[in-house]
Amino acid sequence: MDSVKWVMLNFHCWCMILDWSLTILTIPYLLYPSMGGFPLGILKDFGIGVDYQVYFVVSVICTVIASIVLIFENRFYIMFAKNTRWEKIRKLYIPGNFVFSFTFFIPALFNVPDQEIAVRQMHILIPNMPPSISNYKLFVMATEFTWVIVPITAASLVYFTAFYILLTLLSKNLKNATKLSTYSRNTLNLQKKFMHSMHIQASVFLLNIQLPVVYGLISQYTGYFNQVYNNWSFIALSLHGVASTVVLIYVHKPYREFCSQMLGTAKRRIPRRSIVSVVIVSQT
């Protein structure tokens with residue numbers, strides 16, 4: 001399997017895991033600006049602690065973001081960075097991204113506050129909390145920014161910065177290659193089409209991941225509470241896999257043709273049959 005297929009397979013596998021974790025396994029109901037809430041998924045029925053569920057969801061979200069960054073890094077490497085210093089650096093950079101995704105939130109697991117005190121502080125922070133929420137057992141991951149918000153902010157800056165740097169480098173180098181005629185016209189047209197599709201996928205990333213994460217951080221730092229926005233932010237996150245798949249099928253013709261064949265809607269070439277008419281004339 002070549003690197004491009006591996007990168008795309010890795011991305012869609014993690015997207016699928018994220019979708020399942022947000023819509024089936026955990027179904028988190030967060031109460032920003034507090035660092036708490038409660039799960040509605042099936043994992044709670046198996047006795048898995050809420051703190052481990054939080055760690056799992058946060059790690060998977062970061063891994064999906066790392067996979068998106070890896071797609072752009074792979075394209076940049078193939079097109080412009082082979083036989084350069086980056087070829088050696090990426091051997092540590094790529095696995096380092098995934099290790100970071102599953103380790104940066106570990107300190108929060110070892111610093112979960114006393115729940116009785118933490119829930120009391122949550123009610124003080126959100127005095128207008130809906131009464132229906134009191135029927136659920138609330139869980140607070142942290143009462144201080146140090147263990148949750150600071151690591152998530154740092155991870156967001158690392159991944160979002162890398163994403164936009166790679167996107168900028170790809171666009172800039174492709175423009176330079178076009179001016180210098182480094183590649184054939186056919187190759188450049190293919191790469192331009194690919195970059196167009198990458199920009200569309202980047203917009204999906206912006207709407208479905210970056211905006212919800214940024215909203216959550218702003219809510220935490222400002223103390224703003226709006227449960228409608230809280231719910232919509234996680235709905236947007238849970239729809240990322242579906243949106244990415246739809247965009248992938250729409251912008252990439254091979255995927256689109258394959259899905260059309262699977263659904264039986266592909267245009268089939270029907271061989272033309274010649275019709276020969278025979279006229280029999282009777283003689284009297």
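**Notes on rings, core and charges**

1. A search through the whole structure turns up 14 aromatic pairs. To count as a pair, rings of Phe, Tyr and Trp (its six-membered ring) need centres within 6.5 Å; planes under 30 degrees apart are called stacked, over 60 edge-to-face, and the rest tilted. Keep in mind that this is a predicted model, where local features need pLDDT of at least 70 and side-chain atom pairs count only at pLDDT 80 or more, while totals for chains, interfaces and linings use all residues. Residues are numbered from 1 along each chain as its sequence is written, and side-chain values use heavy atoms, with hydrogens and water left out.

2. Start with Tyr29 and Phe38: the ring centres are 4.9 Å apart and the planes are at 20°, so this pair is stacked. Phe38 pairs with Tyr136 too, with centres 4.4 Å apart and planes at 5°, so that pair is also stacked. Phe38 sits in strand β2 (residues 35-39) and Tyr136 in the loop between α5 (115-125) and β3, so the pair ties together parts 98 residues apart in sequence. Helices (H or I, at least four residues) and strands (E, at least two) are DSSP runs, numbered from the N terminus.

3. The cut-offs are under 20% relative accessible area for buried and over 50% for exposed, with partly exposed in between (1.4 Å probe, protein chains only).

4. Elsewhere, one aromatic cluster is formed by Tyr32, Tyr215, Tyr224 and Tyr229.

5. On to the nonpolar cores, meaning sets of buried Ala, Val, Leu, Ile, Met, Phe, Trp, Tyr and Cys residues joined through side-chain atoms within 4.5 Å. The largest has 60 residues, and those touching the most other members are Ile68, Phe72, Phe105, Val148, Phe163 and Ile209. Elements giving two or more residues to this core include α1 (3-25), α2 (50-81), α6 (149-180) and α7 (185-222). The largest share, 19 residues, comes from α2.

6. Take Val148 as an example: leaving out residues up to four places away in sequence, Val148 touches Met35, Phe105, Ala108, Met141 and Ala142. Contact here means heavy atoms within 4.5 Å. Another core, of eleven residues, lies apart from the largest one, with Ala118, Ile126, Met129 and Val140 among them.

7. Now the charges. There are three salt bridges in the structure, each a side-chain nitrogen of Lys or Arg within 4 Å of a carboxyl oxygen of Asp or Glu. Have a look at Arg90 and Glu73, whose closest N and O atoms are 2.7 Å apart. Arg90 belongs to helix α3 and Glu73 to helix α2, so this pair ties together parts 17 residues apart in sequence. Arg90 counts as buried at 14% relative accessibility, and Glu73 is buried at 0%.

8. Arg90 also lies over the face of Tyr77, 3.9 Å from the ring centre. The criterion is NZ of Lys or CZ of Arg within 6 Å of the ring centre and within 35 degrees of the ring normal.

9. In helix α5, Arg120 bridges to Glu116, with the closest N and O atoms 3.5 Å apart; being four residues apart, the two are separated by about one helical turn. Arg120 is partly exposed at 45% and Glu116 exposed at 59%.

10. Lastly, Asp45 and Lys44 meet in a salt bridge (3.3 Å, N to O). Asp45 is exposed at 59%, and Lys44 partly exposed at 38%.
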